[in-house]
Amino acid sequence: MPGVTAAETERDEPSAAAPPGESRWRRYVPWGLGILLLLAMLGLQSQLYVGQERTVSAIFMFVALAQGWNLIGGFTGYACFGQVVFFGLGGYTTAVAMTHWGMNFWPMLLISGVVAALFGALIGLPLLRLKGHYFAIATLGVAEGMREVVTNLTDLTGGGSGITIPTVGEEATTTYLGNDGFYLLFLGLAAFSVLVGGLVSRNKFGFALRAINQDEEAAGSMGINTTRAKVAAFSLSGFVTGLVGATYAFQQAVIFPERLFDVDITVLMVVMVVIGGSGTVLGPLLGAVVLQFLSEYLRQNFTSAHTFILGAIIIVAVVLLPQGAVNYVREARRTGNYSLLANVRRYRL
Amino acid sequence: MSAALLETRGLGRRFGGLQAVSDVSFSVPAGQVLGVIGPNGAGKSTFINLVTGHIKPTTGKVLIDGKDMTGARPWAIAHAGVARTFQIVKPFRGMTVRENVAVGVLYGPSDQNRMSTALTRADEVLEEVGIAHLGARPPGELSVADARRLEFAKALSLNPKLLLLDEVMAGLRHSEIEPSLELIRSLKERGLAVIVVEHVMKAILAVSDQVLVFHQGEVLTSGDSRTVLSDPRVIEAYLGQRYAKRREGGGDA
Amino acid sequence: MARDQVNSFLQATVYGLLQGGLLALIAVGFSLVWGVMNVVNLAHGAFVILGAYVGWELNTKLGWDPFLAMFVAAAVLFVLGYVLQRWLINLVINGPIFITLLLTFGLDLLIVQGMNIAFSGNYRSIHTSYASTGLDLGSIRVPVGRLLAFGVAVLLTIALVLLVTRTRIGTSIMATGMDRGAARLMGIRARHVYALTFGIAAALAAVAGTMVGTVGTFNPASAGAYTLLSFVIAVLGGLGNMYGALVGGLVIGLVEAWAGLYLPGTWVNALAFLVLVLVLIVRPSGLVGRAYYAARVEV
């Protein structure tokens, strides 16, 4: 009996394959829910203590990061393990401009995103020719290399000792946003990233990315300019990540290369997307929220062992739900098979 | 000289020490079906890949509709009006059959931008190949014959002027071959040029206007099907004496 | 003046070669696993350090010489590696690559933090009476410990090559690496073969770790650097290519030693990454691997 094993099928968001009448309803519900969620988060702010506000801001930050990674890693299927390079590039562009050239934060926010996007296009052209592990490691190499470069350009970036953005006094170019301000800004970035993800997912471009993900050779034969699409996706993901990096740099005010180019940030992004469900819009959102909560909870209650437990959780999650929570639920509802045990067998040898 | 849709001149490809395809020159005009036969490893698939831009030639030229498209990328070739099927079918496994075909409508020469229009057009193409009823299924659930039809439909979604079919009949039952032949005939009538790479001689005989024989990367001979299939060199290199005797005895097996 | 420069250069070259041999041993298991099973083991560096700790424990608690302790370390890590592959990594190996990457990353977190908890983050080293003495060849000083470690590294690489090419087990590893489906059809138990391969890689890493501990210092945080170095060397040498790993290790050892002479400290690392990226772009099959119909595991 013919039939491909479930292992090979990567279930993605359904495109408008349903008849027009029905799809209108299904189309607008997610946007509506998204707006409600946004309003809820705005309202939440007044209910939170300072510490909680910072925690939630961090969650928003990771939502945006996860959504950004999802564009290249989830939709297109090119697992970038150097995504933090955009984060650091955005952060340092803003920091250097604000500290040495007296620039205001707001234009720099946009410019940092653009710089990161351009960098993405630049390295994307040679690197996106690589596949699988090669691409993952090449991007990792770029990120690590960039960290070293930044560490060495001491005059510009302060090198290993870091750079401090002036936030008070005469030298400060922009009023420091404070906890409340950053909460809103990160929320805005999170909303923006979800918007971008949603738009890409539902339009012609996203369709091309998914085709490339599922069979790049066939996609090329059918008229998709795979080079252009991949580079565009990579640039876009770099743009989103760069915006977040710029905001983070301003928030922290004191930044170091080890932090802004920390490989653990990339890994967190990847874990969030994979556990939540790669290639979906809801997945990265869910994954970011859950994992950040978990990470914060562990950090506060098991300070010494929290990384250990995090590692164990990652292992368990990856084994039980390799396709991510959202994809698992969608498939289970479609096939009626909710067995986790069967899910574990999905990818086993 | 009638305008050839596809013309190759001295086309060749080398892999390290192996000359996989060597000095292939021929042309196919519109409304003609060219059969391509030859033993395995003779270079037929490499040849197709050279035409469709999946591999770059080391020598020679590929001209499509008179325009030099040597070494062009596969999407440029698709936009020039050339479509192909893959020997081992390559559907987009995460999409429905209908969406698979819609990709070509959206990104091929018709460059459709509206999803709904693309899906409607996809349904039309599926109707043409006979699997419209399977539109909502995932490709993984299709039988071999239907999966081949999906490959066909994906190629047709590009509104091609030239169609390259890479062993579409392999493994099909006799009852499944005839509809495919019908389809090829109807495409020919519409003015497409079709190149059919096959091992199933019955199919080659049934639809080809000309036949090209590949052997060890080179064109051994070419001509109309009956002549070529009776050529002693072709029998020696590929068909075998038993087949030749069977044909002499009558009927076309 | 010139004489000093020549001397420094020669000294750096010797040092680079010796270090390179050790780096090769660190990387060869990583390359084998990647070549055979397409698994990039992000916890590889952690295995190295774990091996170092086993050696260190035996050395401090029982007074064992590291060149003896390395056998025990190899055995321990072999079992650990076998178990991990057989009953954990095999569970996800058919999925997209970032699943396996995440799994090994989680393992890395687990093992490194486990070591932090068990042994603390202090730098350790394995003491011997002879390792820091030096042989003097002319004006070049060759530390005995490093020379011995180099010898072990080269011997083990050759042993690995022999294992893979001359034994039945080795052939089944190569076969499974080239075409798992075909290998299984011929009666090879792929799950077991994969586990063996991973076990062997872990054992080699453990020996390398003990060597690392003998010639220098280590702590849990050093694990990451060794994983990254293994990447670079494996890519340089060609995945699954044993001699390639040796060549790659020597190249990196030399590049780092020479760069250390002429460039300010931190540019050396940037250089290594640049090399990595360039190799991936220009010649992904590595310096030694074959470009076209390359098998995944080769000698």
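**View 1. Chain A meets chain B through 29 residues of chain A and 37 residues of chain B.** The model shown is predicted. Together the two chains bury an area of about 2700 Å². Carbon and sulfur atoms give 61% of that area. On the side of chain A, A:Lys204, A:Phe207 and A:Met222 lose the most area to chain B. These residues together account for 29% of what that side buries.

**View 2. Salt bridges and polar contacts link chain A and chain B.** Three salt bridges are counted between the two chains. One salt bridge joins the side chains of A:Asp215 and B:Lys90, with an N to O distance of 3.2 Å. Polar contacts across the interface of chain A and chain B come to 12 residue pairs, both residues of each at pLDDT 80 or more.

**View 3. Helices of chain A face chain B.** Which elements give two or more residues to the side of chain A that touches chain B? They are helix 8 (204–214), helix 9 (216–221) and helix 10 (226–252) of chain A. Helix 8 of chain A provides the largest share, seven residues. By residue type, the side of chain A that touches chain B has 12 nonpolar, 10 polar and seven charged residues.

**View 4. Chain B holds an open sheet of six strands.** The strand order is 6-7-8-3-9-10, and the pairing is mixed. Strand 6 (82–84) and strand 10 (218–223) of chain B stand at the edges. Each has a single partner strand, so one side of each is left without a neighbour in the sheet. On average, neighbouring strands of this sheet are turned by 20 degrees against each other, direction ignored.

**View 5. Strand 3 and strand 8 of chain B run parallel.** In general, strands of a sheet pair through backbone hydrogen bonds, either parallel or antiparallel. Here four bridges join strand 3 (residues 33–37) to strand 8 (residues 193–197) of chain B. Which residue does B:Val33 stand opposite? Its counterpart is B:Val194, in strand 8 of chain B.

**View 6. Helix 1 and helix 5 of chain B lie across strands of chain B.** Helix 1 (residues 44–52) of chain B lies across strand 3, strand 6, strand 7 (162–166), strand 8 and strand 9 (210–215) of chain B. Helix 1 runs at about 150 degrees to strand 7 of chain B. Helix 5 (residues 144–156) of chain B lies across strand 6 and strand 7 of chain B. Helix 5 runs at about 160 degrees to strand 7 of chain B.

Technical notes
Residues are numbered from 1 along each chain as its sequence is written. Chains are lettered from A and ligands numbered from 1 in the order in which they are written. This is a predicted model: local features need pLDDT of at least 70, side-chain atom pairs count only at pLDDT 80 or more; totals for chains, interfaces and linings use all residues. Side-chain values use heavy atoms; hydrogens and water are left out. Contact means heavy atoms within 4.5 Å. Buried area is the accessible area (1.4 Å probe) that two parts lose on being put together, summed over both. A salt bridge is a side-chain nitrogen of Lys or Arg within 4 Å of a carboxyl oxygen of Asp or Glu. A polar contact is a pair of N or O atoms within 3.5 Å; within protein, one must be able to donate a hydrogen and the other to accept it, and residues adjacent in sequence count only if both atoms are side-chain atoms. Ala, Val, Leu, Ile, Met, Phe, Trp, Tyr, Cys and Pro count as nonpolar, Asp, Glu, Lys and Arg as charged, and the others, Gly among them, as polar. Two strands pair if DSSP finds at least two bridges between them. Axes are lines fitted to C-alpha atoms, for helices over the stretch in contact, and angles run from 0 to 180 degrees between N-to-C directions.
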